[in-house]
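Here's a quick tour of how one chain packs together. Have a look at the fold before reading on.

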Amino acid sequence: MTNRHRAAGLLILAAMTSFSFLYWSCSHSSREDSGAEEADRFIRVGRLSGRVVMVKMGAEAITAIATQQGIVVVDAGLSHSLTARYRKAIEKELGRNDFTYLINTHGHPDHTGGNQVFSDAVIIGHDNCPDEIRAYWKDPDRIRTGYLKIADEYAGSLGGMNTGSEEWEETTCQKIRYGHAAADLTESRMITIPSVTFNDRLSLSMGDVTLDLIWFGKAHSTSDIIIHVPEEKLLFTGDLFTRYGRPGIETARKRDVERWKSVMQWIRSRREQIGNIIGGHGLVMTLEDLDAFGQYVDRKWEEAEGR
Ligand SMILES: [Zn+2]
């Protein structure tokens, strides 16, 4: 799908919804087993606006936008068994389950591992996203061993922490995520890739909400996309950067500076329609963070020009 699918005459709502955390609550899903019970203690559900819900567990987050034409979810987490619980939390919070689209901000496993949970929706990503996912899953045994090792390391480091502290909760969530992801690697694990991909831009008109997607260029991965939701003044940036503009795009082989520069211009042209930025792990950032990232891209552009 390309620009020609772009819907014309979009209605931008005059009254933009102000973006704030209306509340956070714990998920109270049913508890079938001890692993799930432990996970449920740490799953937080936040209402960011009347139609935007974020489900977080530690450093993991997925966001759901309730539109007139169904629910759109951004990213799917690492473990499909955990993501199934995030989905339940979204359904409970919104009181509906009409999932229309799941968008992968990029192909990394901690954003696409739960794709199969939304197989009733159309999954969207960049053209490079399917190959990125397939390449990652070439050796599931090695991945499982790696996940177990990571979970063990997190479990081991808990001993020196104060129970209930922020660090303890963060580490516990990491232990749970990787433990679940390792356990997922059974017959129930399906490699689920986007069925709709695009190379440059894609616009989804969902009635009262529009989602404009643009490929950032090879950067943090080969499939990083930006998602702008003007009616919510939201910009999703995946793992491209985090607070204070700190970029996640340092590997030289993935540099695509000319493309980055043109996408930054696209973003800057929409500045008035951006209030908050949601990073790939649920961090809500401001325009200042975006500006700092833009300055990084400018520097890279200058370096490239000076070659
Ligand atoms: Zn990533």
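This is a predicted model: local features need pLDDT of at least 70, side-chain atom pairs count only at pLDDT 80 or more; totals for chains, interfaces and linings use all residues.

Residues are numbered from 1 along each chain as its sequence is written.

Let's start with strand S4, residues 60–67 (strands are DSSP E runs of at least two residues, helices H or I runs of at least four, both numbered from the N terminus). 8 of its 8 residues are buried, so S4 is largely enclosed by the rest of the structure. Buried here means 20 or more other C-beta atoms within 10 Å of a residue's own, with C-beta atoms placed from the backbone. One side of S4 carries Glu60, Ile62, Ala64 and Ala66, and the other Ala61, Thr63, Ile65 and Thr67.

| Pair | Sense | Bridges |
|---|---|---|
| S3 (residues 52–57) and S4 | antiparallel | 6 bridges |
| S4 and S5 (residues 70–74) | antiparallel | 5 bridges |

Val53 has Ala64 of S4 as its bridge partner, while Thr67 sits opposite Gly70 in S5. In the S3–S4 hairpin, Gly58 takes a positive phi near 60°.

Now helix H2, residues 80–94: its 15 residues should span 21 Å at 1.5 Å a residue, and the end C-alpha atoms are 21 Å apart, so the two agree (the expected span is 1.5 Å times one less than the number of residues). Buried residues in H2 include Leu82, Tyr86 and Ile90. Gly95 follows, with a positive phi near 70°.

Notes: A residue is buried if 20 or more other C-beta atoms lie within 10 Å of its own, exposed if 12 or fewer, and partly exposed in between; C-beta atoms are placed from the backbone. Two strands pair if DSSP finds at least two bridges between them.
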